[in-house]
Structure formats: structure tokens, C-alpha cells
Amino acid sequence: MYQPTADINLSALNHNLTQIKKRVKHANVLAMVKADGYGHGIVPVAQSLAAANAFGVARASEAKELVDAQINKPVVLVEGCFDLDEYQWALQSGVQVAIHTPVQLEQFLSLKTSKRITVWLKLDTGMHRLGFSPTQFKTAFQQLEQCQHCVDIISMTHFACADDLENPLNEMQLSEFEQTCSGLEGQQSVANSALILSRPDKIKDWVRPGIALYGSSPIEGSQSQDFDLRPVMTFKANIIAINAIPKGHTVGYGCGWTADKDSTIAVVAVGYGDGYPRHAQNGTPVLINDQKAPLVGRVSMDMITVDISELTNVNIGDSVVLWGEGLPAEEIAICASTISYTLFCGITRRVKRNYIRA
Ligand SMILES: *Cc1c(COP(=O)(O)O)cnc(C)c1O
């Protein structure tokens, strides 16, 4: 059956976690599995990552998926709760929450409950998206210290430019965090994948890797193998037609590509309806029988076209790797003016996920 598939290599996933653990030594790992495990499947990913210390999600619905699947590790809701019902549910389920606004703090403090949870208190050190300002932070921390239903407080912040190693904001954010938290007890968490890979000396008590777990490097100009990470997802589809295109003829919508010589074009049954990026430009590589071939013409909903003139022995039915093993998603992301995160998250329901455990 010709259906695009995403092979999800669970041993590569665990290899990546091992690599991260080696880097961060003593630190605990909050494995980020939001957005359906970055498109890899939240429940199978969480079930597979036995060595993770906890799992991080953005939405209550994602936390609920993990709770319902009886993942027996702490779950952290990193955007926190937005009403009292959500809080009651989180406390009842033992889901830990981030608190990043005065409104969230007030709601949390007002809860009447006999349950207790750990709270991740977020400081804004320069990202300017979520978190208490340095002047508000200490008071918020002290209010939580007095609160019966708060077991522990983990101070956290998030970096804006950790993928750009030279950016001066990195040092500024680190020192803002250290200054504001000085004298406050409890554990700390600052590092996403980029910081884990670039500043393993600065990672504190809890690291929060996302993209690195899935085997892709967030650092500009680098690829996963630079950090001995292995791609987890290999996205594949099949050739369904092979056409001879005479010199001067065009291929696809908008005549997006013109043959400058007599050419052989393979039609592959994958398109933006499956999550292949529509903005992939002419020349974006695919892998056919371990040989690279360039995308030509526009990406359609259900198909792409590939120039196989330079390849030998290509047949209808052959499998084509779009990214993954042998073809880094980082490389495809650049050709589509995006980042590997969006490629992984963009895989649609029409793609069959195939979990490989060996
Ligand atoms: C998603 C997320 C991360 C992981 O980021 P990566 O760049 O994928 O490592 C870390 N921390 C928080 C708060 C997040 O929301």
C-alpha cells in the first residue's frame, strides 16, 4: 500500500536522551512532549522514555493524554492553568503547573484543597513572553512558600536566543536569573535544547530538552551528528509515476520548473496534505535508494515531483526518504525557509506512524 509513513525510531529517541544525560550529568530531565511529542506521538514517546524524570506539555489537554495513559512520571504543564477547574483537575491528578502571571498566582493561592503539588515559578529574564518581572518574582516566590498546597517551588526561565551562541542576551539572561534567584531556596531550570548543547556548564537542576530528544539540532549552522544525536523520525513515501519530460517543457502547478534538457521525473505520493512543506524550493533533496535527487516544481497537496535524470535503477513503488535517516531534517528545513520543529509538528493525520523498537 502506498501511504506516506513516519518511521519513529524509539531506540534513537532513547539514544538521544542518553546523550543529553551524559552532557548534563546530575541534572534531571523534563522531557518536552508537547505538540504530540513534536509530531512523534505523545503517548508512545512518553512510554518509551523510561529514563526521563518528568514530562513537559503546554496544554491541559496534553497533560490529560499522559494522565489517561497512566504514564507514571510527573507531568508539568508549562503554560499553567487558566481557571479554577483546571487547577482542581491538576491538583487531583498530581500534574505540576507553571505559574507565570499574577492572575495564575492569585487563583492558585485561593484554591481550597487538601492536595499538594510542585509549582514551577517562571521568571522573565528577557524573552518577554511569559514570566514574572524580576521585581515581582521574589514576592511571588514568598507567597508560594507560605501556601499549604505548594510542596516545592522550582524557579525557571526561558531563553530567547540560545540557538545563537554569540548573542549577548544569553549571558544577560543567565545573570538576571542568578541575581533574582539568589537567596531563594529550591531547584532551578533554565535550559532548553540549545542551552543544553551549547552551555552544559550552566544547566542547573532541571533541563528541558525538546528538539534534541527528537534528534535535531536547534543551533544555527549545526546538525544533529555534531552532537551525536540521531534522527528519530524518518518520513517516507513512494514513487507512483515516472515520466519522460522533453527539454523546454514544464512540470506542475504554475509551471514551477522547466526542463533544461530531456529529463526523467518521478512523482512521489506525498504533499503538503501530509506535512511536506509547500515552500520547499526547487533543488530540495530527497533520498531514493541512498542517492540524493532534487525536488522540481511546486509541492502539491498529494504529490511532489523529483528529477531522477541522474539516477539509475529507479522504479515505480520505490521508497523515497523526505527527511530522517540519511537526510537531516535541518537540511530540508533550510530549503523550505523554516526550522525542523515545524516539519515534525506538521506531519498530518494521513501519515501512518510506524514505531520501531529494535
Ligand atoms: C518547548 C519548550 C522547551 C523545549 O525547547 P526545545 O528548543 O525544543 O528544546 C523548553 N522549555 C519550555 C518552557 C518549552 O515550552
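I began with the second largest pocket, which holds about 230 Å³ of space. In this predicted model, helix H7 (134-145) and strand E7 (150-156) are the elements that each give two or more residues to the lining of that pocket. I then asked which element gives the largest share of this lining. It is E7, with five residues. In total 18 residues line the second largest pocket, and I noted Cys 150, Val 151, Asp 152, Ile 153 and Gly 186 as those nearest its centre. Sorted by class, this lining has eight nonpolar, six polar and four charged residues.

Next entry: the largest pocket. I found about 1,000 Å³ of space in it. Its lining runs to 40 residues, and Asn 192, Ile 211, Pro 218, Ile 339 and Tyr 341 are the closest to the centre.

Helix H2 (34-38), H9, helix H10 (329-335) and helix H11 (340-345) each supply at least two lining residues. H10 gives the most, with four. By class I have 21 nonpolar, 10 polar and nine charged residues in the lining of the largest pocket.

My search of the whole structure gave one cavity of 30 Å³ or more. The largest cavity holds about 40 Å³. I wrote down its lining: Lys 122, Leu 123, Asp 124, Thr 125, Gly 126, Met 127, Arg 129, Leu 130, Thr 157 and His 158. Three of these lining residues are nonpolar, four are polar and three are charged.

Last entry for today: helix H1. This helix covers residues 10-24, 15 residues in all. From first C-alpha to last I get 21 Å, close to the 21 Å expected at 1.5 Å a residue. Which residues of H1 are buried? My list reads Leu 10, Ala 12, Leu 13, His 15, Asn 16, Leu 17, Gln 19, Ile 20 and Val 24.

Among the strands they pack against are E1 (5-9), E2 (28-32), E9 (206-207) and E18 (352-356). The helices they pack against include H3 (42-48) and H9 (193-198). H9 had already come up as a contributor to the lining of the largest pocket.

Conventions:
Residues are numbered from 1 along each chain as its sequence is written. This is a predicted model: local features need pLDDT of at least 70, side-chain atom pairs count only at pLDDT 80 or more; totals for chains, interfaces and linings use all residues. Side-chain values use heavy atoms; hydrogens and water are left out. On a 1 Å grid over the protein atoms alone, a cavity is a set of points where a 1.4 Å probe fits but cannot get out, and a pocket is an open set with protein on both sides within 12 Å along at least five of seven lines; lining residues have an atom within 4 Å of a point. Grid points are joined across faces, edges and corners, and a volume is the space filled by probe spheres set on the points. Ala, Val, Leu, Ile, Met, Phe, Trp, Tyr, Cys and Pro count as nonpolar, Asp, Glu, Lys and Arg as charged, and the others, Gly among them, as polar. The expected span of a helix is 1.5 Å times one less than its number of residues. Buried means under 20% relative accessible area, exposed over 50%, partly exposed in between (1.4 Å probe, protein chains only). Contact means heavy atoms within 4.5 Å.
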